[in-house]
Amino acid sequence: MSATQFLFWFLSILALFSAIMMVVSKSPVHSVLWLIVVFFAISVHYVLLNAQFLAIVNLIVYAGAIMVLFLFVIMLMNLNAETEPLKNKWLKITGVIGGGALMLVLVAALKDADIRNRIAETNKGEIGLIHNLGMALFKEYVIPFEISSVLFLSAMVGTVVIGKKE
Amino acid sequence: MNSIITSAVLGVIMMFSGIFLKKNSSIVLLAILAMVALLAMAILEMSGFHFFPVETHDMLYFDVFGMFFNCIAFAATLAFFLLSGRDIAAIGHNPGEYFALIFFVLCGISIASSFNSLLMLFIGIEIFSIPLYILTGSDKRNLKSNEASLKYFLMGAFSTGIMLLGIAFLYGASATGSFFLEDLGIGKNAGSPMMMTGLILLMVSMAFKVSAAPFHFWTPDVYDGAPTVVTSFMATIVKAGAFIAFIRLFKDAFGDLKHNWQIFIAILTFFTLFIGNITAVFQQSVKRMLAYSSIAQVGFMLFSILGLNVMAQEGILLYIAVYSLATIGLFAILTRMKDFSFQAFNGLARQYPVAAFSATIFLLSLAGIPLTGGFMAKYYMIASVMETGNFFWLVVFALLCAAVSVYYYFKVIQAMYFKEGPSQELELSPAFNVLLISLALLIILLGVFPELLIDRLHIIYI
């Protein structure tokens with residue numbers, strides 16, 4: 001087992017474990033902290049796939065900005081475990097059945113995924129550099145890139161409409 | 001490209017109009033003029049005048065079907081502005097921004113009617129969803145509006161997540177790793193479990209956006225809680241935009257695989273017709289009844305995805321035009337009323353005969369009574385499925401449901417004409433009455449001569 005493979009398995013187990021811990025933790029603050037671990041593990045996965053820029057952006061934006069915001073909101077709103085509303089037993093059972101059925105379908109779909117022919121190219125760190133990313137973004141994907149500005153503009157207008165004091 | 005760029009630019013103009021125009025009436029006037037300009041741009045685009053030669057790298061694909069849909073949607077929005085522009089401006093303190101958000105929604109709709117890549121589908125759907133979350137909650141001091149907005153936002157965010165998951169599966173299953181529609185349904189993976197999973201996840205999220213049962217649970221609460229003018233826009237033009245994206249996706253990308261997925265659409269149609277019509281019968285409020293009726297109408301629109309032939313294309317455009325005009329007209333009257341219960345309509349015909357007559361035409365059209373546009377639209381939908389020779393049981397069931405729908409639409413007509421009620425003050429100006437009656441006449445015209453609309457679809461093909 002090469003170092004890359006070892007790293008891959010280690011990170012995958014770490015990501016899955018933290019994701020499960022995030023869901024089952026009683027305290028919201030612990031949940032957020034576990035989620036940050038998930039983001040770190042996934043970011044290192046991106047590095048393994050030669051997507052260095054994506055890895056850094058993922059860390060800065062998600063783990064850095066969004067999760068810190070989450071922590072602030074949770075602390076300011078004082079969301080403790082005691083205030084958590086009681087959940088219906090039947091709701092839990094149907095949730096487990098529904099989620100289990102979805103997992104079955106997803107596993108069945110991924111079971112015969114073509115993994116031999118499309119193996120990840122490791123140790124060839126050219127693709128994910130910001131230069132190549134910029135070339136793709138401003139050549140082939142320039143239309144979605146530019147049009148998403150309308151999306152952000154409308155979100156900004158919306159924030160002002162909702163947030164402005166009347 | 002005309003409609004996408006123009007609508008985005010007009011949105012920005014409307015956004016800044018609040019600085020220069022202080023009176024609500026002048027903002028409404030500007031919005032109506034902007035809408036006329038946008039409609040003109042869409043019509044010119046259909047006639048072959050492209051003012052913005054942009055290299056789209058095949059991300060967008062402009063065909064007559066999509067461009068004609070844009071014209072219909074913009075014309076319906078113009079009618080909506082003319083009828084209820086004043087009410088939009090009166091939702092809150094930011095009239096310019098409300099119109100700006102509506103123009104951004106139209107930009108999203110024109111992307112959803114011309115996408116050729118799943119990336120553009122995603123961006124288009126998001127562009128028309130996010131302004132809607134805001135518009136739903138724009139009546140800030142009304143708790144019901146706040147609740148509706150939050151509910152819509154959370155559910156919409158989940159459905160977006162499901163859509164992304166589906167897109168990821170389809171990308172993995174496509175032969176060359178591509179987001180383009182023409183590469184999706186082909187290759188050695190066609191019909192494999194991975195592709196079908198992606199397809200069904202996409203179907204679920206699109207069914208959510210058009211509020212087809214069993215993914216309709218948000219619809220009544222959101223339509224009921226949102227300001228009535230916004231409900232009118234959401235239930236008609238936006239729903240039609242989502243529907244065009246739905247039909248384009250399944251026709252262009254998965255048309256060859258239709259034997260694999262048609263049964264799922266048939267099940268969706270069955271539940272949508274059943275739940276929409278049966279629940280609408282028990283509603284006490286007209287606004288909520290119209291929310292359920294919009295679900296029931298989606299059941300009929302879904303027939304076009306089962307048919308997937310020329311007749312389905314013609315029919316869905318006719319359906320969208322007729323349904324949007326009728327619902328916009330009804331909501332315009334409803335917006336002027338203070339009380340949304342059936343009793344509020346009692347004796348309306350004696351006091352406001354023009355409004356009551358137009359409302360009767362709109363309701364008859366929604367119920368699908370002959371001579372109105374609604375009848376021809378339903379006929380086209382059913383005929384397109386009959387042409388394929390499958391799903392006869394669903395057609396019979398749809399006819400039964402249409403019969404049920406007559407009951408709750410006629411309840412309003414009955415209240416207006418055959419019941420006595422206290423006199424009430426509605427602000428119905430003469431211009432408003434003229435507009436209502438011309439909408440009603442247009443619906444009858446489309447019912448008698450549907451070719452007037454449908455033939456446009458083929459003129460440019462030849």
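Me: How many residues of chain A and of chain B take part in the contact between them?

Reply: Start with the term. Two residues are in contact if their C-beta atoms, placed from the backbone, lie within 7 Å. Here the contact takes 21 residues from chain A and 30 residues from chain B. This is a predicted model: local features need pLDDT of at least 70, side-chain atom pairs count only at pLDDT 80 or more, and totals for chains, interfaces and linings use all residues. Residues are numbered from 1 along each chain as its sequence is written, while chains are lettered from A and ligands numbered from 1 in the order in which they are written.

Me: Which elements give two or more residues to the side of chain A that touches chain B?

Reply: Elements are DSSP runs numbered from the N terminus: helices (H or I, at least four residues) and strands (E, at least two). On that side of chain A they are helix H4 (89-111) and helix H6 (142-163). H6(A) gives the most, with 13 residues.

Me: What classes of residue make up the side of chain A that touches chain B?

Reply: Sort them first. Ala, Val, Leu, Ile, Met, Phe, Trp, Tyr, Cys and Pro count as nonpolar, Asp, Glu, Lys and Arg as charged, and the others, Gly among them, as polar. This side has 16 nonpolar, 3 polar and 2 charged residues.

Me: Now helices. How far does H2 of chain A reach from its first C-alpha to its last?

Reply: The expected span is 1.5 Å times one less than the number of residues. Helix H2 (residues 28-48) of chain A has 21 residues and reaches 31 Å, close to the 30 Å expected. After H2(A) comes A:Asn50, with a positive phi near 70°.

Me: Which residues of H2(A) are buried?

Reply: Count neighbours. A residue is buried if 20 or more other C-beta atoms lie within 10 Å of its own, exposed if 12 or fewer, and partly exposed in between; C-beta atoms are placed from the backbone. In H2(A), the buried ones are A:Val32, A:Leu35, A:Ile36, A:Val38, A:Ile42 and A:Ser43. They lie on the same side of H2(A), because they cover an arc of only 160° around the axis. That arc is taken from the directions from the helix axis to the C-beta atoms. An α-helix has 3.6 residues a turn, so residues three or four places apart point the same way. Their cover includes helix H1 (3-24) and helix H3 (52-77) of chain A.

Me: What does A:Met22 touch?

Reply: A:Met22 sits in helix H1 of chain A. Leaving out residues up to four places away in sequence, A:Met22 touches A:Ser31, A:Trp34, A:Leu35 and A:Val38. A:Met22 is partly exposed, because 17 other C-beta atoms lie within 10 Å.

Me: And B:Leu436: buried or exposed?

Reply: B:Leu436 counts as buried, because it has 25 C-beta neighbours inside 10 Å. This residue lies in helix H19 (residues 430-448) of chain B.

Me: How many residues has the largest nonpolar core?

Reply: A nonpolar core is a set of buried Ala, Val, Leu, Ile, Met, Phe, Trp, Tyr and Cys residues joined through C-beta atoms within 7 Å. The largest has 189 residues; B:Phe246 and B:Leu325 are among those with the most contacts inside it. Helix H14 (residues 310-335) of chain B supplies the largest share, 18 residues. Apart from this core lies another, of 5 residues, including A:Val32 and A:Leu35.
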